[in-house]
Amino acid sequence: MTPPYDVTRAPTGDLGDGTYRNPVLAADWSDPDVLRVGDDFYLTASSFGRVPGLPLLHSRDLVNWTLVGHALDRLRPEAAFGVPRHDAGVWAPSLRRHDGRFWIFWGDPDHGVFQVNAPAVRGPWTEPHLVKAGRGLIDACPLWDEETGEAYLVHAWARSRAGFNNRLTGHRMSPDGTRLLDDGTTLVDADALPGWFTLEGPKLYRHDGWFWILAPAGGVATGWQGAFRSRSFTGPYEERVVLAQGDTPVNGPHQGGWVRTARGEDWFLHFQQRGAHGRVVHLQPMRWDADGWPVLGRDGQPVLEHAKPDLPAQPPSAPGHDDRFPGGRFGRQWQWTANPAEGWTVRHSADGLRLTCGRTALLDDLRVLPQVLTQRMPARACTVEVDLRLDGPEVASGARAGLVVLGDAYSWVGLAREGDGRVRLVHRFAPAGADRERDAARSRAAPEGRATLRIELTADARCRFSADTGGGGEFVPLGQEFAATPWRWVGALLGLFAAAPQGAGHAGTALFTDFRVTP
């Protein structure tokens with residue numbers, strides 16, 4: 001049987017012969033939703049506590065995608081996200097088009113349902129507007145009924161905040177998307193459905209005279225995709241399982257969005273949980289059976305390879321990883337682990353990213369350090385490298401900077417300035433549950449205060465660290481092999497950081513150049 005994906009191939013699902021192989025997005029693009037406008041397709045995904053949030057991807061064929069921006073420049077409320085909150089923030093957004101504008105609704109489990117909107121996908125996006133306040137409100141989705149002019153909202157519940165879940169609540173909503181018009185109705189109580197649990201992630205549609213809710217159940221790694229329909233928004237709804245693992249290796253194929261091409265083909269994008277790699281995105285064909293129910297994949301089981309959508313051929317593309325940091329700026333693929341503060345980066349005219357060695361009491365645990373700049377870890381075998389300098393005379397004693405694989409456990413390689421002024425190559429890690437990091441290998445001299453840092457990633461997310469401090473391409477292996485781990489809802493991340501212990505005065509900067517990821 002063909003594996004879910006070939007880890008030696010390029011990071012696009014396009015096979016170049018009119019077919020594709022899943023996943024079409026081989027990284028952690030969690031809880032995707034998709035929208036077509038003309039000949040263009042747009043996708044957004046959960047961004048949780050990372051900033052900027054609400055990523056926006058573009059495609060012309062549903063297989064080849066590029067990252068074109070973000071809809072959320074900072075998380076709100078500001079004070080709540082001044083520190084990393086990896087399981088909070090933006091959960092399962094929904095992307096829609098109405099009244100000439102793009103709309104994104106999402107649930108923040110600690111604050112409520114928000115929305116932003118814009119005249120174009122590249123913005124400008126409005127400030128977040130709180131539509132419904134409360135704890136435990138997640139996975140919100142609007143619907144504007146073009147036939148009646150009515151507007152609706154559906155959302156799920158997080159047991160961790162509300163004390164219950166497995167329930168979908170619906171509201172009538174003002175057509176301008178700013179407020180709800182009633183106290184809400186339980187549309188689906190899955191506790192009353194034998195065998196159903198963890199019902200969440202609803203996407204609301206109107207089709208063929210029915211209100212449709214496409215919603216996953218059964219848990220992130222092991223669940224299935226459900227479909228619910230009713231002639232009335234408030235129900236009663238009948239249900240059916242429309243996609244499940246079956247005899248395939250694709251575990252938990254669920255939670256995503258339906259889109260129809262201009263030529264009338266129906267497709268469904270969903271995620272698959274893949275451990276430390278997070279939730280990769282699959283594309284499934286979709287049709288309607290004689291009873292009017294959707295059939296996803298191949299008779300309800302996910303396809304691994306399939307003919308591409310009947311759309312004009314596009315060049316292979318996928319969201320990028322490499323960055324030369326022109327003019328000291330970082331690319332769209334990077335996100336901070338908290339709302340950024342002034343002065344975390346230093347602009348300059350040459351290539352390279354200057355990160356300020358910010359003074360902090362959190363130096364020994366990168367999971368709680370806000371000034372970590374991250375990107376999604378590729379879900380394939382590859383080598384990650386970046387050049388680092390920590391050699392300026394202004395660099396304070398105890399300052400450090402490096403390249404990290406960040407998750408519930410983490411490990412990093414980088415440079416640190418000792419009390420005697422010398423710079424050393426260091427490799428450190430923190431196991432899951434530990435409150436501070438420790439050495440993963442003995443430190444080594446870095447006489448010139450610079451190094452090329454390398455992480456070799458295997459297909460199953462094991463990491464081998466090494467570094468070259470002489471500039472001759474001689475990489476010295478460091479420490480033991482490290483197994484990357486996810487957080488509860490987020491895949492492992494690649495990150496860059498610079499920090500220094502508490503004290504007086506400026507602690508200097510670290511210069512990162514030429515970040516690259518190669519097969």
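Predicted model: local features only at pLDDT ≥ 70, side-chain atom pairs only at ≥ 80, totals over all residues.

User: OK, in what order do the strands of the open sheet come?

Analyst: The open sheet has 4 strands, which follow the order β2-β3-β4-β5, and their pairing is antiparallel. β2 (33-37) and β5 (66-72) stand at the edges, and each has a single partner strand, so one side of each is left without a neighbour in the sheet. On average, neighbouring strands of this sheet are turned by 25° against each other, with direction ignored.

User: And how many bridges join β2 to β3?

Analyst: There are 5 bridges between β2 and β3 (residues 40-44), and the two strands run antiparallel. As one example, R36 has F41 in β3 as its bridge partner.

User: Switching to β11, how many of its residues are buried?

Analyst: Strand β11 (residues 151-157) is mostly covered, as 7 of its 7 residues are buried.

User: Which strands does β11 pair with?

Analyst: β11 is joined to β10 (residues 137-144) by 6 bridges, in an antiparallel arrangement, and L137 has W157 in β11 as its bridge partner. β11 also pairs with β12 (residues 167-173) in the antiparallel sense, over 5 bridges, where H155 stands opposite T169 in β12.

User: What lies between β10 and β11?

Analyst: These two strands form a hairpin with 6 residues between them, and G149 in the turn has a positive phi of about 80°.

User: New topic: how many salt bridges are there?

Analyst: The count comes to 36 salt bridges. One of them is between the side chains of D40 and R60, at 3.4 Å from N to O. This pair links distant parts of the chain, because D40 is in strand β3 while R60 is in the loop between β4 (53-59) and β5, 20 residues apart.

User: What about D145, which residue does it form a salt bridge with?

Analyst: D145 forms a salt bridge with R206, and their closest N and O atoms are 2.8 Å apart. D145 lies in the loop between β10 and β11, whereas R206 is in strand β14 (residues 203-207), 61 residues apart.

User: Is D145 buried or exposed?

Analyst: D145 is buried, with a relative accessible area of 4%, while R206 counts as partly exposed at 28% relative accessibility.

User: Which residues are joined into one network?

Analyst: Salt bridges that share partners join R324, E385, D387, R454, D514 and R516 into one network.

Conventions:
Residues numbered from 1 in each chain as written. Heavy atoms only, no water. Pairing = 2+ DSSP bridges. Axes fitted to C-alpha atoms, helices over the stretch in contact; angles between N-to-C directions. Buried < 20%, exposed > 50% of the residue type's maximum accessible area, 1.4 Å probe, protein only. Salt bridge = Lys/Arg side-chain N within 4 Å of Asp/Glu carboxyl O.
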